[in-house]
Amino acid sequence: MNSKVDWGGRLWVTAVWAMVGLFILNLAALIASVVLQSLATRWLGTWTPTGYTWHWFADAWDEFDLQDVLIVTFQVAAAVVVVSGLLGVPAAYALARRDFPGRAAMLLVFMLPLLVPPITFGIPLATVLYQAHLAGTIWGVILANLVPTVPFVVFIMIPFIEQIDQRVEQAARVFGAGTAQVFRHVLLPLLTPGILAALLLVLVRTIGMFELTFLTAGPTSQTLVVALYYAEFAAGVRSQQSINAMAVVYMVNTLIWLLIALRFVNPTQIVTRAKKQA
Amino acid sequence: MLAVPALLLVCALFVYPFLYGFVLSLEPTQGSVFANYVKFFSDPFLFDTLGRTFLLALPVTLLNIAASVPVALRVRLMRRPRVLTTILVIPITLGTVLVAEGMLNYLGPQGWLNRVLLAAHLIETPLRLVHNYWGVFLSLVITGFPFTFLLTLSYVTGIDPSLEQAGAMLGAREPQRFITILLPLLVPGLAITFCLSFVQAFSVFPSAVLLGAPAGATRVISIAAYSAAFEDYDYSMASAIAIIMALAQVFAVGVVLALRGLLYRGPVSTGKG
């Protein structure tokens with residue numbers, strides 16, 4: 001467009017990319033420092049550790065009862081994924097297909113748990129769960145985690161369902177299929193990619209959900225991220241390396257699921273809801 | 001009705017606890033109906049947490065948005081933005097607890113950052129970056145910037161490029177195009193982004209404990225609520241603080257949306273309206 005070189009513009013572009021680069025560099029260094037620390041025999045006052053070892057992972061495994069913690073984490077995550085799928089998908093179907101009085105109000109009710117931060121509603125929620133003698137148990141943790149995940153599934157699934165041509169369902173009904181049959185034989189196969197994406201994101205969110213689990217978990221119902229918090233909180237009691245080893249275990253668990261989820265969804269969908277297909 | 005089970009769950013576990021919490025907050029362990037609220041606003045130890053939280057959340061959110069907009073405008077022009085967005089989604093997924101752990105290593109007095117700055121003779125003594133205000137501030141940047149950025153990006157990519165091309169054709173240079181075309185179109189989206197990011201930052205909890213000074217400069221309102229509930233077992237007071245926290249968030253969001261209402265609202269795409 002302009003034959004003259006726009007030096008100011010170039011400088012600005014360079015500055016923007018430098019800022020992004022600096023952010024990513026710091027992020028990478030931050031993660032690398034956790035991984036290195038977990039492998040270090042000793043790391044004090046030097047650039048890199050003086051020696052490397054795997055034994056902190058074994059230590060962390062025993063010290064923090066990681067086996068139990070991991071079992072609880074996956075029990076909670078599996079239960080949350082299944083229940084939010086079972087409740088969220090039909091609700092999304094109703095909201096996507098039918099227009100009924102109170103639909104807008106219902107959307108608002110589903111929107112709020114996603115907008116209000118977990119710590120804000122977690123404290124009243126934990127109070128209610130304590131009254132019901134559910135807090136401190138794995139059931140309380142599962143229930144608390146469902147609060148944001150069910151609406152999350154609803155909002156991810158609505159555009160997926162709107163995308164499906166309604167005539168496909170009508171054709172099935174013409175041939176005498178009931179709602180259950182339409183669901184099982186028509187909608188489910190068509191919706192599988194969307195459901196998979198939604199549930200994988202729910203899984204990642206549940207493994208990483210700190211606040212709600214923290215507020216409702218008891219000693220035997222901690223998930224990995226809560227156990228990590230307590231270990232850091234009481235840092236000094238345990239060696240720094242074994243806490244970092246646990247952090248690495250957590251990181252690996254989260255990132256594996258994230259990588260799988262990213263095969264099905266766009267990263268921006270993790271913060272915003274799925275965009276409507278034009 | 002297919003939506004009923006999901007609705008019941010959200011009502012029972014979200015709406016009901018809030019109402020219950022509100023009623024509970026009006027039944028203090030001692031004193032009159034509003035004793036908890038009176039105590040919160042008269043006890044500086046409690047009341048100051050509100051100001052501290054604003055002091056932390058507001059600058060962080062503004063910084064994140066200010067940084068997100070130019071980056072998003074550049075990324076929009078990239079052919080494969082997916083690599084970058086994938087990298088940026090990692091800190092969100094890992095969560096604040098892990099980021100706090102990493103920052104304690106990386107930003108500590110013996111950490112790499114201080115070592116690099118010392119080696120480059122940029123500083124004389126190690127910077128104190130953890131266990132104070134800046135530790136929490138930086139952790140909110142690390143987890144908050146990607147969140148803000150991805151939201152901003154989704155708004156920026158929603159703007160029809162032909163609008164900007166039209167401006168360019170009429171001779172507007174890049175800064176002009178930004179001020180007169182993009183910014184007015186972006187403001188409504190940025191207002192929503194601000195609300196979501198601010199509310200996230202306002203409810204900072206784990207990093208304020210692990211990276212901050214939870215007894216001092218970063219005793220944020222969520223710590224006050226938590227300690228009332230689980231250290232003093234005063235659920236009535238804790239509910240009152242949680243309600244105040246929610247109201248403060250609603251207030252901030254309300255102010256931003258009211259301001260937004262004064263500005264342009266309309267389609268960001270052309271044609272086929």
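**Entry 1: a helix in chain A**

I began with what covers the buried residues of α5(A), and I found that the cover includes α4, α6 and α9 (211-216) of chain A together with α1 (4-25), α10 (221-230) and α11 (235-261) of chain B. A reminder to myself: this is a predicted model.

How many residues of α5(A) are buried? I noted twelve of its 14, so I call this helix mostly covered, a residue being buried if 20 or more other C-beta atoms lie within 10 Å of its own. I listed the buried ones as Pro118(A), Ile119(A), Thr120(A), Phe121(A), Gly122(A), Ile123(A), Pro124(A), Leu125(A), Ala126(A), Thr127(A), Val128(A) and Leu129(A).

I then checked the span of α5(A): from its first C-alpha to its last it reaches 19 Å, close to the 20 Å expected at 1.5 Å a residue.

**Entry 2: where the chains touch**

I found 68 residues of chain A in contact with 69 residues of chain B. On the chain A side, the elements giving two or more residues are α1 (7-39), α3 (66-97), α4 (103-115), α5 (118-131), α6 (138-163), α8 (179-208), α10 (224-233) and α11 (240-262). Which of them gives the largest share? I wrote down α1(A), with 14 residues. By residue type, I sorted this side of chain A into 54 nonpolar, twelve polar and two charged.

**Entry 3: one helix pair across the interface**

Two packed helices are described by the angle between their axes and the distance between the axes. I looked up both values for α11(A) and helix α4 (residues 82-106) of chain B: they pack at about 155°, with axes 10 Å apart. Angles over 145 degrees count as roughly antiparallel, so I describe α11(A) and α4(B) that way. Their crossing is right-handed.

From α11(A) I noted Asn244(A), Ala247(A), Tyr250(A), Met251(A), Thr254(A), Leu258(A) and Leu262(A) in this contact, and from α4(B) I noted Thr86(B), Thr93(B), Leu94(B), Leu98(B) and Glu101(B). I sorted these residues into seven nonpolar, four polar and one charged.

**Entry 4: after α11 of chain A**

I followed chain A into the segment after α11, where I found Asn266(A).

**Entry 5: chain B**

I counted eleven helices and zero strands in chain B. Its C-alpha trace spans about 70 × 60 × 35 Å along its principal axes. Of its 273 residues, 44% count as buried. I also looked at contacts in chain B between residues at least 6 apart in sequence, and 74% of them join residues at least 24 apart.

Last, I looked at a helix pair within chain B. Helix α7 (residues 161-169) and helix α8 (residues 174-202) pack at an angle of about 140°, with their axes 10 Å apart, and I therefore call them oblique to each other. The crossing of α7(B) and α8(B) is right-handed. Leu163(B), Glu164(B), Gly167(B) and Ala168(B) in α7(B) meet Arg177(B), Ile181(B) and Leu182(B) in α8(B). I sorted this contact into four nonpolar, one polar and two charged residues.

Methods: Residues are numbered from 1 along each chain as its sequence is written. Chains are lettered from A and ligands numbered from 1 in the order in which they are written. This is a predicted model: local features need pLDDT of at least 70, side-chain atom pairs count only at pLDDT 80 or more; totals for chains, interfaces and linings use all residues. Two residues are in contact if their C-beta atoms, placed from the backbone, lie within 7 Å. Helices (H or I, at least four residues) and strands (E, at least two) are DSSP runs, numbered from the N terminus. Ala, Val, Leu, Ile, Met, Phe, Trp, Tyr, Cys and Pro count as nonpolar, Asp, Glu, Lys and Arg as charged, and the others, Gly among them, as polar. The expected span of a helix is 1.5 Å times one less than its number of residues. Axes are lines fitted to C-alpha atoms, for helices over the stretch in contact, and angles run from 0 to 180 degrees between N-to-C directions. Angles under 35 degrees count as roughly parallel, over 145 as roughly antiparallel, 65 to 115 as roughly perpendicular and the rest as oblique. A crossing is left-handed if the near helix is turned anticlockwise from the far one by less than a right angle, and right-handed if clockwise.
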